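Please look over the structure shown here before reading on. The report that follows begins with a question and then moves through the parts one at a time.

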Amino acid sequence: MKYVEEFRDGDTARVLAKEIQRIAEALDRPADRPIHIMEVCGGHTHSIFRYGLEGMLPKSVELVHGPGCPVCVLPMGRVDDCVSIAEREGVIFTTFGDAMRVPGSRKSLLQAKADGADVRMVYSPMDALTIARRHPEREVVFFGLGFETTMPSTALTILQAERLGVQNFSVFCNHITIVPTIKAILDSPDIRLDGFLGPGHVSMVIGVKPYEFVARFYKKPMVVAGFEPLDILQSIWMVMKQLVEARCEIENQYARVAPEQGNDAALRAVDHVYELREFFEWRGLGSIDHSGVRLREEYARFDAERKFAVPNLKIADPKSCQCGEVLKGAIKPWQCKVFGTACTPHTPLGALMVSSEGACAAYYQYGVFPKREAAE
Ligand code: SF4
C-alpha cells in the first residue's frame with residue numbers, strides 16, 4: 001500500500017474484523033475472562049477511538065490502554081519543578097504544547113504563564129536552542145519529555161549547543177524508557193494481559209529486539225503496530241493468530257517505518273548524552289527502576305536540574321484521581337469516579353485528560369460510553 005486512504009479502507013477493515021471474530025470464537029474464552037490486549041502507545045489509543053476500532057471487535061476481545069503517553073505519566077512533583085524553574089527571574093521556559101496544561105499541585109505551566117512567567121511553546125528542542133542564541137542575556141530551559149522517540153532530538157540539540165558554545169541553554173530532562181515500563185506492567189499482580197500492541201514510534205528508534213523478553217520470559221505475544229486503522233486491526237489479528245496457534249513471538253507489523261535494528265545514529269546520540277537513572281517516579285505507577293535517563297556528567301552544564309535547585313518533592317495525586325488504575329489498565333477511563341464530571345478536558349484533574357494521547361481524553365472526545373449507560 002502506498003497512500004494513506006488505503007490504510008483506512010472500510011472493506012479491508014471489515015475482512016480483518018471478521019477474521020478476528022473467527023479466531024476469538026476458536027479461542028472460546030468464558031464471558032468473564034475476555035482476551036486482554038494492551039496497546040502500550042498513546043498514539044494507538046487515540047487512533048482506536050478516532051476510527052471507532054473498539055466497536056469492530058467481538059465482546060471477547062478487550063483493548064487495555066497502557067502508559068505510553070509521556071505527558072500522562074509525568075508526576076505532579078515534576079510539574080511543580082517545571083513551574084519553579086519557569087518562575088525564576090530571567091528564565092525563558094520552553095515546552096511542547098501538550099505539557100502546558102498538565103496540572104501540578106500549585107498550578108500548571110499555562111497558569112504560571114498567565115501569572116507572568118515567560119513560558120513559550122516550541123515544536124522542537126532546536127527551536128528552544130534558537131531562542132537561547134537570540135537571547136544570550138536570558139537562561140533558556142527546554143522541558144525534555146518523552147520516550148525514546150523524542151530522546152534523540154534532545155540529545156542532538158545538546159550536542160549542537162556544545163558545538164556552538166551556547167552557555168545559556170539547558171534541559172530539564174524527563175525522558176523515560178519503554179522497556180522497564182512494560183516489565184513493571186507485566187510484574188503487576190492486578191493486571192492480566194494476553195498480548196501487546198508494541199509502540200510504533202519508539203520502535204523506530206530502538207528497533208524490535210529489546211522486546212524479546214516479553215515473549216521469552218513472560219510468554220506473551222507482541223506485535224509492533226502502526227497507527228492507521230488497518231495497521232491496528234492487522235496487528236490485533238496477528239496477536240490473536242499467535243494466541244490461537246499457541247505461539248509467543250515479537251512480530252513487526254510496522255516494518256515499513258520501524259526497522260528491526262532501530263536507528264543507529266539516533267541510538268548513538270542517546271548513548272552519548274544520557275545515562276540511566278537508578279529509578280524514576282511515574283504518575284500513578286510509582287517508582288520504576290531504570291525507567292528514566294539524565295544527562296551524563298560531561299553534559300552537566302546543560303542540565304537544568306543541576307543548574308537550578310528544584311524542589312524535587314513527591315506529590316500525591318488528588319484522592320479522587322484514578323489515573324494509576326487507568327494507566328495500568330485495571331479500570332477503563334469511564335469507570336473513574338470523576339470522569340466527565342469533575343475531570344474533563346476543560347478542567348483536567350489528571351494528566352490523562354490533558355494530552356490528545358491520554359486514554360481519558362480519547363474516551364471523552366470520541367467515546368459514547370455504552371457500558372456505563374448499560375450499567376446505569
Ligand atoms: S478521569 Fe481524570 S482523574 Fe480520572 S483517571 Fe482520567 S484523568 Fe485521571
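Which residue in β5 does T94 stand opposite? T94 stands opposite F142.

## About the model

This is a predicted model, in which local features need pLDDT of at least 70 and side-chain atom pairs count only at pLDDT 80 or more, while totals for chains, interfaces and linings use all residues. Residues are numbered from 1 along each chain as its sequence is written.

## The open sheet

Helices (H or I, at least four residues) and strands (E, at least two) are DSSP runs, numbered from the N terminus. Four of the strands, in the order β4-β3-β5-β6, form an open sheet with parallel pairing, where two strands pair if DSSP finds at least two bridges between them. Because β4 (118–121) and β6 (169–175) stand at the edges with a single partner strand each, one side of each is left without a neighbour in the sheet. From one strand to the next, the twist averages 25°. Within this sheet, β3 (residues 91–95) and β5 (residues 139–146) run parallel and are joined by 4 bridges.

Two helices lie across strands of the sheet. Helix α5 (residues 125–134) lies across β3, β4, β5 and β6 and runs at about 175° to β5, whereas helix α6 (residues 151–164) lies across β5 and β6 and runs at about 160° to β6. For such angles, axes are lines fitted to C-alpha atoms, for helices over the stretch in contact, and the angles run from 0 to 180 degrees between N-to-C directions.

A residue is buried if 20 or more other C-beta atoms lie within 10 Å of its own, exposed if 12 or fewer, and partly exposed in between, with C-beta atoms placed from the backbone. In helix α7 (residues 178–187), the buried residues are I178, T181, I182 and I185. Seen down the axis of α7, these buried residues fall within an arc of 100°, so they line one face of the helix; the arc is that of the directions from the helix axis to the C-beta atoms. They pack against β1 (35–41), β2 (61–68), α8 (200–206), α9 and β12 (286–289).

I85 is found in helix α3 (residues 76–86), and it counts as buried because 24 other C-beta atoms lie within 10 Å. Two residues are in contact if their C-beta atoms, placed from the backbone, lie within 7 Å, and, not counting residues up to four places away in sequence, I85 touches V91, F93, V141, F172, A304, F308 and V310. V270, in helix α11 (residues 264–273), is buried with 21 other C-beta atoms within 10 Å. Leaving aside neighbours within four places in sequence, V270 is in contact with E148, M151, P152 and A155.

## Two loop residues with positive phi

Most residues other than glycine have a negative phi. K219, however, has a positive phi near 55°, and K219 lies in the loop between α9 (212–216) and β8 (222–224). Why does K219 count as exposed? K219 counts as exposed because it has 9 C-beta neighbours inside 10 Å.

A246 also has a positive phi, near 55°, and its place is in the loop between α10 (229–244) and β9 (250–252). With 8 other C-beta atoms within 10 Å, A246 is exposed.
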